[in-house]
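Morning, everyone. Let me walk you through a new structure. Please look at it with me before we go into detail.

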Amino acid sequence: MVFIKRIKRIIEKYKRILDLENWQITVDLADEEFLQSLIKTTSPIYGASFISEEDNLARIYIWNNADLNTDNISIEAIVVHEMVHIILKPIDRIISLIATKRIKNLDAEVEFYIEEIVNKITRIALKKGGDSYIQKKDILLTIFNSEKQKNKKKNKNKR
């Protein structure tokens, strides 16, 4: 049987590893029917996540019988999988931009989000390796890139 308490311990453990300490992550158990209503697929669904990057909030749903899954995937692997979706959320923006073609300079926008993903994964690796200096430099580069993007958007809106 899956227990919320166990899942919360897994989340707390991996928040540090995945550099998600500044995120508020909540978890709920869900039945198979509910998960199927969230994600349209014929594949088994063991979890789902809803993410608000602006607020650093995520809600993870774990199948209430996930420990009985026929793929022998551990509860820990299912929870971590959903947490990795938080890190990779910028990919959703990239796909959305490409699908709607809302941006004139799409290549630059896509490159910005790809760099954001690379920076997140780099911070995780450096944190595991204990290299905090480069980690801080990486964060400054992300802030610098973010400011450049804001300025581009301001200039674009003035036109």
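Helices here are DSSP runs of H or I with at least four residues, strands are runs of E with at least two, and both are numbered from the N terminus. With that, the protein has six helices and three strands. Their order along the sequence is α-β-α-β-β-α-α-α-α.

This is a predicted model: local features need pLDDT of at least 70, side-chain atom pairs count only at pLDDT 80 or more, and totals for chains, interfaces and linings use all residues. Residues are numbered from 1 along each chain as its sequence is written, and side-chain values use heavy atoms, leaving out hydrogens and water.

Now burial. Buried means under 20% relative accessible area, exposed over 50%, partly exposed in between, with a 1.4 Å probe and protein chains only. Of 159 residues, 35% are buried.

Go to strand 2, residues 47–52. Five of its six residues are buried, so strand 2 is largely enclosed by the rest of the structure. Strand 2 pairs with strand 3, residues 57–63, antiparallel, over six bridges. Pairing takes at least two bridges found by DSSP. Ser52 sits opposite Leu57 of strand 3. Four residues lie between the strands of this hairpin, and Asn56 has a positive phi near 55 degrees.

So which residue do I want to stop at in strand 2? Ser49. Its relative accessibility is 19%, so Ser49 counts as buried. Beyond neighbours within four places in sequence, Ser49 contacts Arg59, Ile60, Glu82 and His85. Contact means heavy atoms within 4.5 Å.
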